[in-house]
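Open the structure in your viewer and keep the selection tool ready. We will go stop by stop.

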Amino acid sequence: MTEREAGPETVPVESVAQAVNLVARGTPVDRSRLEAELGRQPVLIDSLLDLSTTMARWRQKDHERAALLESASELIQVRDTKRLLQKLVDRAKSLIGCDIAYLSEYNPDTDELNVRASRGAISLQLPALRVPPGVGLASRVVRDRAAHWTSAYDLTQLPHERRVDSAVKAEGMESLLGVPMVVDGEVLGALFAANRYPHDFAADEITLLSALADHASVILKTARLMGELAEAAAASAASEELAAAKATTLQRLVEVEEQLTQLVLQGRGASAVTDVISQTLHAEVLIVDSWRLDSPEFPPDDGFLTQTDVSKDEILAALDTSHRTGRSAQVSADGRLIAASVASNRRQHSGLFVHFHNPPKDGDHSIVAQAAQSLALIQMNEQSRADAENRVRGELAVDLIADTRGLDELRARARSSNFTLLGPWQLVVVQAGPNDFDRIGSYLARVEPRILMTQRSPGLTALLPRSAHRTRAQMEQLLTSSEILRDCLVVVSDTGFQRSELRTAEDELWSCVRVLNSLSITSGVCPAEDFAPYTAMFGTAPEHVERFMERMLGPLHHWDRRQSADLVTTLRTYFEHSGSIRRTATALSVHINTVKLRLERIDTVLDVDWRAPEYAFRLHVALRLDQLQQKN
């Protein structure tokens with residue numbers, strides 16, 4: 001049978017096979033050509049066109065990977081540094097497709113950058129350009145060790161210099177992208193791609209040029225090392241074995257670096273990096289966030305960090321060494337536990353730990369360090385996205401509380417980030433230090449994506465829309481399920497507030513925080529409604545709380561301390577049982593006459609008619625505040 005059903009008409013198998021072969025070979029096909037081969041078969045033709053597009057995209061990715069691998073193969077064979085730099089620049093121009101590509105070598109002694117290779121330049125100024133310290137985009141790339149770019153060089157606020165501006169003008173540069181070349185913490189220089197027209201560099205272009213610079217930096221270092229090994233091998237036959245071993249190690253480093261670079265380019269997460277390292281090194285891998293490193297419970301008893309005889313101080317010291325040097329550091333005496341600092345931008349550095357089942361091989365320390373750098377890049381990308389989202393959260397929260405912008409405008413901004421502005425709003429305020437803002441904000445956004453929040457001088461104010469309201473029990477569970485908020489004072493509202501009420505409600509919650517602080521309460525979750533009477537009384541002057549309690553209860557406390565008595569507890573219990581002596585005696589497990597004697601003593605100590613309604617009310621408030629203070 002040579003034909004099969006393919007819709008309203010039949011299509012010869014040979015025609016389908018011929019069409020598939022065209023797609024497989026990468027031959028350009030369009031709908032008219034396929035219709036000529038297959039007839040009116042819209043479903044089949046659409047599928048073949050989709051397949052052709054997908055394979056073209058795959059071939060483009062393969063082309064990029066092949067270009068990087070080809071570059072590695074070429075560069076490894078080069079021993080002349082000048083030729084090496086020129087090949088690097090040529091490859092960058094080819095891959096990025098820019099007008100000009102050039103490389104500046106960094107001189108750490110003078111803090112200057114000197115152009116060493118270029119491609120696409122039309123003037124004599126660029127190949128001989130020297131960039132003084134602190135000038136232009138190049139100095140910023142080297143200083144920050146991070147990519148920088150601009151779509152309009154003349155309009156930037158970067159420090160300018162006459163000779164640099166003259167070279168830029170002579171080349172007609174408009175847009176410029178620069179990425180650093182760094183190996184083992186050493187800045188080798190910077191790689192640039194420029195266009196003679198305004199251009200907004202896409203993330204793919206930045207990532208690709210960064211990957212090429214990182215890759216080429218390792219290869220440059222490798223070429224120098226291999227050159228030294230070749231010279232040593234010429235002097236001694238024994239050196240040949242050493243050179244081979246080093247070459248194998250370095251090749252392995254290049255292969256792992258390429259694999260990690262691809263993970264970053266593909267936008268993969270931290271788990272993909274740990275999987276690669278675990279399989280490559282035949283080891284266990286653990287990432288510990290910065291806030292866990294500072295936790296008293298670190299290291300946890302059930303982790304592999306406790307399998308070796310090392311202390312917390314030794315672990316943190318190794319991380320500090322890694323953070324300062326940019327390399328991995330040995331933790332355990334047997335060398336099987338290695339730590340590397342994962343530091344990115346303004347984030348506190350977290351820790352990458354690798355526990356080897358067998359003694360580490362040559363180059364394994366470098367692989368761990370490279371993994372830490374890849375994790376840092378991933379964290380920077382994730383942090384950038386989180387910062388952008390948190391910026392929107394904060395702006396919406398501020399505008400909602402201030403009630404100064406139209407709701408339609410706020411809704412338009414909220415829709416762009418998938419936030420809802422349906423009130424009433426449930427309020428939460430968190431008292432915390434400035435160093436804790438980022439991790440607390442990240443935690444709240446992770447457990448409740450609909451939350452809005454903004455920083456205040458004593459901490460954070462968070463708003464939960466109507467769709468995210470929690471009961472008191474649910475709110476307490478949400479806020480106590482993580483160690484992040486364990487040492488913070490959190491005040492929450494049970495009720496919801498309309499937009500016009502938010503500013504007043506926020507002031508009341510922060511007044512409650514100040515009252516609680518005056519009672520030495522600095523942690524825990526406290527419902528605002530439970531403390532509303534005290535907030536109303538002392539919210540504007542929390543410093544009066546201590547004086548009020550001393551004035552009302554000071555004589556009783558002094559008597560209790562001198563006589564080892566319990567007048568304060570007796571009076572509190574007496575009020576709690578509506579002035580019933582019998583029920584007070586039962587609650588205190590004492591004889592009724594004992595209660596009577598204590599009340600008579602209270603009459604003497606206070607020297608006032610404390611049973612009078614006004615004085616009794618103030619005593620009751622002071623006793624409640626005293627009880628709250630004792631609990632904390």
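In which helix is aspartate 399 found? Select residues 364-402: this is helix α12, and aspartate 399 is in it. Bear in mind that the model you are looking at is predicted.

**Stop 1: aspartate 399**

Is aspartate 399 buried or exposed? Its relative accessibility is 11%, so it counts as buried. The cut-off for buried is under 20%. Now show what aspartate 399 touches. Leaving out residues up to four places away in sequence, the list is Thr404, Arg405, Leu410, Arg413 and Arg499.

**Stop 2: the whole chain**

Zoom out and colour by secondary structure. The chain has 22 helices and 17 strands. It has 632 residues, and 45% of them are buried. Next, think about contacts between residues at least 6 apart in sequence. Of these, 62% join residues at least 24 apart.

**Stop 3: helix α5**

Select residues 136-144, which form helix α5. Its buried residues are Gly136, Leu137, Ala138, Ser139, Val141 and Val142. What covers these buried residues? Strands are part of the cover: select β3 (100-107), β4 (112-119) and β5 (130-131). Step just past the end of α5 to arginine 145. There, phi is positive, at about 55°.

**Stop 4: the largest nonpolar core**

This core holds 58 residues. Which members touch the most other members? Select Leu452, Leu463, Leu556, Leu571, Trp610 and Leu619. Domain 4 (422-530) and domain 5 (543-630) each give at least three residues to this core.

Centre on leucine 452. Setting aside residues up to four places away in sequence, its contacts include Arg393, Leu396, Ala397 and Leu400. Phe419, Leu421 and Trp425 are also touched by leucine 452, as are Thr461, Ala462 and Leu463.

There is a second, separate core, with 25 residues. Leu263, Ile277, Ala340 and Val342 are among them.

**Stop 5: helices α18 and α19**

Select residues 544-563 for α18 and residues 567-576 for α19. Their axes lie 8 Å apart, and the helices pack at an angle of about 130°. That angle makes α18 oblique to α19.

Which residues make the contact? From α18, show Leu556, His557, Trp559 and Asp560. From α19, show Leu567, Val568 and Leu571. By type, the contact residues are five nonpolar, one polar and one charged. Look again at Leu556 and Leu571: both were on the list for the largest nonpolar core.

Notes: Residues numbered from 1 in each chain as written. Predicted model: local features only at pLDDT ≥ 70, side-chain atom pairs only at ≥ 80, totals over all residues. Heavy atoms only, no water. Axes fitted to C-alpha atoms, helices over the stretch in contact; angles between N-to-C directions. Helix = DSSP H or I, 4+ residues; strand = E, 2+ residues; numbered from the N terminus. Parallel < 35°, antiparallel > 145°, perpendicular 65-115°, else oblique. Contact = heavy atoms within 4.5 Å. Nonpolar A, V, L, I, M, F, W, Y, C, P; charged D, E, K, R; others polar. Buried < 20%, exposed > 50% of the residue type's maximum accessible area, 1.4 Å probe, protein only. Core = buried A, V, L, I, M, F, W, Y, C linked by side-chain atoms within 4.5 Å. Domains from an automatic or database assignment.
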